[in-house]
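Please study the sequence and the structure before reading each solution.

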Amino acid sequence: MTQIAPQPGIMEIDLYQGGAAHVAGLDNVVKLSSNENPLGPSPAAVEAYRRAAYDLHRYPSSDHSALRASIAEVLGLDAGRIICGAGSDEIIAFLCQAYAGPGTEVVHTEHGFAMYRISALAAGATPVEVPERERVTDVDAILAACTDATRLVFIANPNNPTGTMIGLAEIERLAEGLPPQALLVLDGAYAEYVEGYDGGAALVDRRDNVVMTRTFSKLYGLGGLRIGWGYGPAHVIDVLNRVRGPFNLSQAALNAAEAAIRDRAYTDHCRAENARWRTWLADALAEIGVPSDVSLANFVLARFANQAKAEACDDYLKSQGLIVRRVAGYNLPNCLRITVGDESACRRVVHAVRQFKGGS
């Protein structure tokens, strides 16, 4: 019998299930399962990526200085306290690798992003799940769950898959109340969809126990390139750079991301279109008896009477070439997460749900 075994915690990880992209036997399929930008990336980003093809024989930048400088210039941040990774997922993994481990705990909410638990277990730490209050982050519940073993607290704001968020005063109360050995990680994957919200950057600047993560996969439409970043106190960024691989991002991805963040007009257009069709989609679904919480991201969490109804609706949508996301794995078995698509996609979804409701 083999004695070869992985580190403790690894076999407790359930494989991450990405959003489906195909329906057998159907060609005209609309994918609304992965919260992708239906408008795609900025044309400037596409052109930057195309030009990078001529330098594929060159190693990429190892310090990501041009992209960090661009992020800092556009958002008013300190470039020296920015770290880039293969999606914000990699920054999350770096944090767990560097600060968690056997005998420590990583706190996340009951409907939080799956990678918090996965990365904690991969580091040998114990994930601690705390309840939310009606699908909204509960600061008091998080603080009550913290112990001397707590090293990291993850919250997504806005949250995935609920779309809800808490205000900056509550975030600051959470940061102030954490035990001294713990870091608060603000996952801002959807922060760009909230007008006037900095994702917690100002709080990072004021405190030494808060880190912010961001991504180019959502509003910027670069999910296929896997590029994200983090912003934190100098002492944290120094630690994370010690575990980061020197060439963790391709030059093509770096160039595309730099062009994307500088194209502010395109970013504003995408944000406005998302807000317009998000409101329309939520209101139209509510009119046919499918409620959702007010979403501040690029999806709505549609609620049904029970799990059977949610799954039956999902099956019907698939039959109509519409792929949405079941979220039972996020402790929301009676819900479907529906990405805000373009006008055509939103109207198709509402039409199909109306047909389902009429026949169920």
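**Exercise 1: the largest pocket**

Task: State which element gives the most to the lining of the largest pocket.

Solution. Step 1: α3 gives the most, with 3 residues. Helices (H or I, at least four residues) and strands (E, at least two) are DSSP runs, numbered from the N terminus. A pocket is, on a 1 Å grid over the protein atoms alone, an open set of points where a 1.4 Å probe fits, with protein on both sides within 12 Å along at least five of seven lines; lining residues have an atom within 4 Å of a point.

Step 1: The model is predicted; local features need pLDDT of at least 70, side-chain atom pairs count only at pLDDT 80 or more, and totals for chains, interfaces and linings use all residues. Residues are numbered from 1 along each chain as its sequence is written, and side-chain values use heavy atoms, without hydrogens and water.

Step 2: The lining holds 38 residues, and Ser34, Asn35, Glu36, Ser217 and Lys218 lie nearest the centre of this pocket. Elements that give two or more residues are β1 (30-31), α3 (87-99), β12 (335-339) and α12 (343-359).

**Exercise 2: the second largest pocket**

Task: Describe the lining of the second largest pocket.

Solution. Step 1: Among its 22 lining residues, Asp14, Ala114, Arg117, Gly329 and Tyr330 are closest to the centre.

Step 1: β3 (105-109), α4 (114-122) and β11 (325-326) each give two or more residues; the largest share, 3 residues, comes from α4.
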